[in-house]
Amino acid sequence: MSWNDVLTMLPELYLTGAICVLLLFDAFAGTRYRSAMHWLSMLALLVTALLVVSAQRAIPATAFSGMYVDDTLAQILKLFSILSVALVFVFSEPYLRMRKMAVGEFHTLTLFALLGIMLLVSAGNLVMIYLGLELLTLSSYALVALDRDSPRATEAAMKYFVLGALASGLLLYGMSMLYGATGTLSLPGIAATLPVTPHQSLAVFGLVFVIAGIAFKFGAAPFHMWLPDVYEGSPSAVTLFVASAPKLAAVGMALRLLDVGLHPLLPYWQDMLAVLAVASLVIGSLVAIVQSNLKRMLAYSTIGHMGFLFLGLSAGTSFGNAAAVFYAIAYVLMSTAAFGVILALARAGFEADRIDDLRGLNQRSPWFAGLMALAMFSLGGVPPLFGFWAKLLVLQSAIGAHMLWLAIVGAFAAIISLFYYLRVVKVMYFDKPAEDSALLVSSDASLRWVLSLNALALLALGVFQGPLLDWCLRGFGG
Amino acid sequence: MCAVLAAEVAGAVLAQYWPILLFMAVAAGLGMALLTIGLVVAPRRPAAQKLSPYECGFEAFEDARMKFDVRYYLIAILFIIFDLEIAFLFPWAVVFDRIGLVALIEMVLFIALLVVGFIYIWKKGALEWE
Amino acid sequence: MTIQLLAFYFFAFFAVLGALLVITLRNPVHAVLSLVLTFFSVACIWMLMQAEFLALVLIVVYVGAVMVLFLFVVMMLDIKVAAAREGFIRHLPVGIGVALIMLAEMVTLIGLRAMQVAPPPNPAAMHGESNVAWIGTALYTQYLLPFEVAAMILTVGIVAAVALTLRHRVGVRHQNASQQVAAVARDRVRLVSMPAERGDPGAQP
């Protein structure tokens with residue numbers, strides 16, 4: 001350990017210290033200083049983001065004997081994770097206050113999860129991958145169950161926990177096989193040893209379990225069973241978090257494991273990812289059509305989006321990887337916008353989580369109906385919005401890797417899924433509001449402004465998508 | 001040669017556990033012997049009334065196994081967490097003189113994190129039995 | 001070496017027996033106790049492999065603490081024994097089938113020959129060191145960062161446990177020890193001086 005190691009991972013160290021201070025603040029100040037907790041968390045996020053930005057370096061740096069890697073990929077994923085957690089805090093603040101769920105644990109656990117994400121996307125070693133993932137998922141289980149008196153939230157947390165523990169076990173089993181085959185836990189070390197090891201079939205055996213673990217964390221079919229229940233059952237504020245930053249972590253984990261560590265086994269995992277992609281695309285686009293719950297519909301749409309993301313990953317090229325990262329960023333910004341509208345409409349005793357709840361939103365609040373429509377069009381991939389470019393890039397990368405059939409499946413899925421996104425738009429614009437409906441947009445100023453900015457960013461990043469794409473490409477030496 | 005040396009060392013290390021193995025055998029043997037003697041020698045004349053649970057002369061109201069309060073669980077999980085912390089201290093104490101100051105710093109950090117957790121549960125009142 | 005082999009078969013037998021009992025016993029508390037037997041036998045096997053530290057941690061943490069937690073959970077859940085066992089026999093063939101397919105896949109993928117490769121010599125023993133010292137050296141130099149992350153995960157465990165289970169009851173009367181100790185005579189007896197009552201004797205009934 002040297003001073004340099006400490007400086008390299010300053011953002012994580014700062015965040016750890018900030019979380020400790022917040023924990024103590026929460027314990028000593030009690031519930032009276034709730035809004036102070038909110039603003040202190042936002043301050044911690046801001047400083048962490050500044051520390052990440054200030055560490056911009058041309059060549060990747062490692063610290064703590066290769067456990068921690070800081071490179072462009074890690075910085076992109078960290079910055080957008082911090083951004084999405086900040087959005088989560090802003091959007092959920094009025095919701096939590098109204099539900100009397102105003103406990104400091106929401107902030108500390110979310111920040112712990114963010115710390116897990118940051119460690120995960122910077123991992124240079126199988127041990128760090130596993131520990132970062134556990135830090136993230138343990139906090140997520142607790143967050144889902146945070147509304148203790150809701151039987152649905154408890155049930156969702158239980159399913160999430162049991163399936164998540166199983167997936168962690170599978171991942172760990174696969175990692176132990178990789179260690180047995182290569183004799184090292186370091187990801188670059190595994191990549192160097194794999195071509196010469198006599199136990200390659202053992203490594204492939206481990207690879208199957210590793211892929212299963214990755215697919216579970218993404219929520220890709222056929223490992224998607226937890227996702228609809230968790231989205232529907234948890235409080236909307238937690239759904240917003242589960243639907244945002246962890247997807248960036250999953251893409252980071254997949255790239256560290258597959259691109260850095262297991263690239264020599266590309267022919268094996270390419271086919272597995274392709275199968276997962278097709279299954280996710282089909283399930284995501286077909287099952288979402290029959291949903292009447294908005295959160296559940298968005299959950300199935302997530303499964304479909306993860307299928308698109310896998311199109312980029314399965315290409316195995318640096319362009320495909322950059323497209324996957326781009327897609328993850330696009331997905332996160334789109335889902336924060338969509339769930340943000342749900343949170344803005346929710347009030348005490350009214351979740352606004354059924355599609356019918358949005359009937360006639362245009363007559364009540366044209367501006368927010370417009371924002372929701374923007375999010376839906378972007379999720380559906382309508383040009384020139386952000387989501388369109390993301391879809392285009394992953395399809396291009398699949399074609400570039402000579403997987404034309406996969407691209408065709410993707411294109412069909414995109415067209416089918418457009419149907420249910422448009423249904424939401426139709427309900428908002430062409431249906432009459434119910435007589436007793438009390439659609440009312442939250443009066444919280446920061447929520448209204450930030451949500452508007454978030455949704456408009458989908459348009460802006462769609463029109464000027466070049467710099468972000470260049471940044472993603474630079475993460476892979478492009 | 002290395003392998004032979006390793007095997008010798010292995011034998012020597014395992015030999016240290018020989019008394020423990022013996023102790024386990026004696027404990028298991030003694031336990032089983034006492035149970036067997038009780039089973040064979042003691043008179044047993046069971047009857048339905050004799051075996052029924054006794055509750056102050058009434059019929060039994062409910063199952064003897066009732067729900068535990070969730071607070072026991074909280075205490076147990078807090079115990080496990082600090083138990084694990086102690087488990088990390090053992091190898092640290094063994095190699096402390098070899099690594100030196102760095103080992104001290106990292107263990108102070110480790111314990112400081114858990115002390116934050118400890119203060120947290122204390123202030124939240126999780127250690128109070130109401 | 002033969003005693004070592006004998007001991008291995010002995011402990012392995014009880015590990016498998018305990019595992020079978022866990023899934024077949026009717027009473028969940030007995031199942032938890034069988035799990036203790038399995039863990040203990042596995043710890044002995046690890047001891048035979050000279051993974052002393054892991055063996056001791058298994059006993060201290062799992063047998064000592066996690067199993068107690070399991071017992072609490074089993075009692076807290078109020079499991080209906082008959083309902084939990086429903087379908088056990090019906091699903092057994094499927095379970096065995098899945099296990100056999102898994103085994104066949106593992107054997108074909110890894111191959112039987114891989115199992116006959118001699119395990120590499122124990123590095124700690126080769127350097128004439130104890131297993132604990134070997135683990136300690138690795139953990140506190142090379143794996144320093146994962147070690148600190150473990151502390152964070154434990155802290156998350158604390159926060160999550162408190163957030164999910166702690167409930168304060170209203171109207172509970174506490175004994176406040178520090179207040180009791182700090183008490184002085186003045187707090188207990190209040191001497192009030194008031195004018196003596198001097199009513200009219202004739203007014204009394």
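1. Pro384(A) sits in the loop that links helix H17 (366–380) to helix H18 (386–400) of chain A. The bond between Pro383(A) and Pro384(A) is a cis peptide bond, with omega about 5°. Please keep in mind while you look at it that this is a predicted model.

2. There is another cis bond to find in chain A. The peptide bond running from Ala221(A) to Pro222(A) is cis, and its omega is near 0°. Pro222(A) also belongs to a loop, here the one between helix H9 (200–218) and helix H10 (226–233) of chain A.

3. Now step back to chain A as a whole. Chain A contains 21 helices and two strands. Its radius of gyration is 21 Å, close to the 23 Å that the globule rule gives for 478 residues, so chain A is as compact as a globular protein of that length. The C-alpha trace of chain A spans about 70 × 55 × 40 Å along its principal axes. Of the 478 residues in chain A, 59% are buried. Among the contacts in chain A with a separation of 6 or more, 79% are between residues 24 or more positions apart.

4. Which residues have the most contacts inside the largest nonpolar core? They are Tyr327(A), Val341(A), Ala375(A) and Val394(A), in a core of 240 residues. Helix H15 (residues 318–345) of chain A gives the most to this core, namely 21 residues. As a general background, nonpolar side chains tend to be buried together in soluble globular proteins.

5. Ala375(A) is a handy residue for exploring that core. Setting aside neighbours within four places in sequence, Ala375(A) is in contact with Met334(A), Ala337(A), Ala338(A), Val341(A), Ala455(A) and Leu458(A). One of these partners, Val341(A), is also among the residues with the most contacts inside the core.

6. Ile76(A) is another residue worth a look. Ile76(A) is part of helix H4 (residues 72–98) of chain A. Is Ile76(A) buried or exposed? It has 24 C-beta neighbours inside 10 Å, and therefore Ile76(A) counts as buried. Not counting residues up to four places away in sequence, Ile76(A) touches Val325(A), Trp471(A), Cys472(A) and Gly475(A). Its C-alpha atom is separated by 9.8 Å from that of Val121(A), 45 residues apart along the chain.

7. Helix H2 (residues 10–29) and helix H3 (residues 34–54) of chain A pack at an angle of about 170°, and their axes are 9 Å apart. That angle makes H2(A) roughly antiparallel to H3(A). On the H2(A) side the meeting residues include Leu10(A), Tyr14(A), Ala18(A) and Phe25(A), and on the H3(A) side they include Met37(A), Ala44(A), Val47(A) and Leu51(A). By class, the contact of H2(A) with H3(A) has 13 nonpolar, two polar and one charged.

8. Two backbone details in chain A deserve a friendly flag. Phe64(A) is not a glycine, yet it has a positive phi of about 55°. Phe64(A) is found in the loop between strand E1 (61–63) and strand E2 (68–70) of chain A, and it is buried, with 22 other C-beta atoms within 10 Å. Ala352(A), likewise not a glycine, has a positive phi of about 55°. Ala352(A) is in the loop between H15 and helix H16 (361–364) of chain A, and it is buried with 20 other C-beta atoms within 10 Å.

9. Chains B and C come next. Chain B has five helices and zero strands, and 15% of its 130 residues count as buried. Chain C has 10 helices and zero strands, with buried residues making up 21% of its 205 residues.

10. How many residues of chain B are in contact with chain C? The answer is 48 residues of chain B, in contact with 47 residues of chain C. On the chain B side, helix H1 (2–16), helix H4 (70–99) and helix H5 (101–124) each supply at least two residues. H4(B) provides the largest share, 21 residues. The chain B side divides into 38 nonpolar, two polar and eight charged residues.

11. Finally, 20 residues of chain C are in contact with 30 residues of chain A. Helix H5 (88–110) and helix H8 (144–165) of chain C are the elements giving two or more residues to the chain C side. H8(C) gives the largest share, 13 residues. This side of chain C has 17 nonpolar, three polar and no charged residues.

Methods. Residues numbered from 1 in each chain as written. Chains lettered and ligands numbered in written order. Predicted model: local features only at pLDDT ≥ 70, side-chain atom pairs only at ≥ 80, totals over all residues. Contact = placed C-beta atoms within 7 Å. Helix = DSSP H or I, 4+ residues; strand = E, 2+ residues; numbered from the N terminus. Nonpolar A, V, L, I, M, F, W, Y, C, P; charged D, E, K, R; others polar. Buried ≥ 20, exposed ≤ 12 C-beta atoms within 10 Å, placed from the backbone. Core = buried A, V, L, I, M, F, W, Y, C linked by C-beta atoms within 7 Å. Rg over C-alpha atoms; globule rule 2.2 N^0.38 Å. Axes fitted to C-alpha atoms, helices over the stretch in contact; angles between N-to-C directions. Parallel < 35°, antiparallel > 145°, perpendicular 65-115°, else oblique.
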